[in-house]
Amino acid sequence: MREITVGVVAPAYVNVPLWIAQERGFLERRGLAATERICGTTHGVTSALRDGVVDIALTAPEGSIADALAGGPLRVVAGLTDRPPLSMIALPRHHTVEDLRGGRIGTSSLTEGTRHVAERMLADHGLTYPADYDFALEGSHVERWKALQAGTIDAALQMIPYDVMAVEAGFTDLGPVTEEFALNAVCVRLPAERAELTPFLRALAEAAQWFRGHIEESAAVAAARTSIEPRYALLACQALAADGVIPRELRSSPGALAAVTAALRSSGLIPPDARDLAAAVDYSYL
């Protein structure tokens, strides 16, 4: 049995395919055992991958794309989330996105993931960074929920089912993310061992397919992994199973990847003329 360490930000529902692969034996049948290492932030996972602390990372792809385009060893080898299951949750006193002007927006990273999704969402409402608001580095959606409850931030993108939990607690839902954006991907550090990586990806793909046909059973697994009430787990899994959230065959759509590269260019994290992702995205391991 090959032991691999998988870096994740938090016990988030976007990792359901990994949990199913573990629980249903899809990994074991391929001679693999995967242990999760929770890193707390998206850039923390990317750093752990770059430093060899984890073998595989399930995280925002921006860090790996920027690294690859700069000549580094990180690569994106599969997609896990093309339509982020996130909603902008704000303090009860805020009723519109425009109310966030001058506020603090919680994020898991200043260079990856929710920062870029939030920035694009707020821009659609006429708010630009840094002129109209600040980002506050709070960590995963779990930590952002704590910050919202403490009132130290004005709003944050919240992962399912924390968006529903927040609304029931009296917070304001300013709307879901509606655009494509490759929020979560499988990333590795070259040289990657194909004999290990390909079976892992096939197990994830099999798990994702099984998940779509077994929502209630998957919700039971997810509830146990996250210590969240079963009704919330079921709502989260139903949202995750919606069309367009998990890419078919774990290949992110061109539009979802284009949104990521556009965000990286606008943030100055890759050159303005960087357009060819061939150096950063390698689906041959699938």
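A: Let me begin with a term: a cavity is a set of grid points where a 1.4 Å probe fits but cannot get out. Please keep in mind that this is a predicted model.

Q: OK, how many cavities of 30 Å³ or more does the structure hold?
A: The structure holds one cavity of that size, and the volume of the largest cavity is about 210 Å³.

Q: Which residues are closest to its centre?
A: The largest cavity is lined by 19 residues, of which Val 9, Ala 12, Val 14, Thr 42 and Met 159 are the closest to its centre. At least two lining residues come from each of β3 (56–59) and α5 (141–150).

Q: And what's the lining like by class?
A: The lining of the largest cavity has nine nonpolar residues, nine polar ones and one charged one.

Q: Switching to rings, how many aromatic pairs are there?
A: A search of the whole structure finds five. One of them joins Tyr 129 and Tyr 133 in a tilted arrangement, with 5.7 Å centre to centre and 40° between the planes.

Q: Is Tyr 133 buried or exposed?
A: Tyr 133 counts as buried because its relative accessibility is 2%, under the 20% cut-off, whereas Tyr 129 is partly exposed at 31%.

Q: What about Trp 145 and Phe 171?
A: Trp 145 and Phe 171 form an edge-to-face pair, 5.2 Å centre to centre with 70° between the planes. This pair links distant parts of the chain, since Trp 145 is in helix α5 and Phe 171, 26 residues apart from it, is in the loop between α6 (162–168) and β9 (172–176).

Q: Where does the charged end of Arg 194 sit?
A: The charged end of Arg 194 sits over the ring of Tyr 285, 4.2 Å from the ring's centre.

Methods: Residues numbered from 1 in each chain as written. Predicted model: local features only at pLDDT ≥ 70, side-chain atom pairs only at ≥ 80, totals over all residues. Heavy atoms only, no water. 1 Å grid on protein atoms, 1.4 Å probe; cavity = no way out; pocket = protein on both sides within 12 Å on 5 of 7 lines; lining within 4 Å. Points joined across faces, edges and corners; volume = space filled by probe spheres on them. Helix = DSSP H or I, 4+ residues; strand = E, 2+ residues; numbered from the N terminus. Nonpolar A, V, L, I, M, F, W, Y, C, P; charged D, E, K, R; others polar. Phe/Tyr/Trp six-rings, centres within 6.5 Å; stacked < 30°, edge-to-face > 60°. Buried < 20%, exposed > 50% of the residue type's maximum accessible area, 1.4 Å probe, protein only. Lys NZ or Arg CZ within 6 Å of the ring centre and 35° of its normal.
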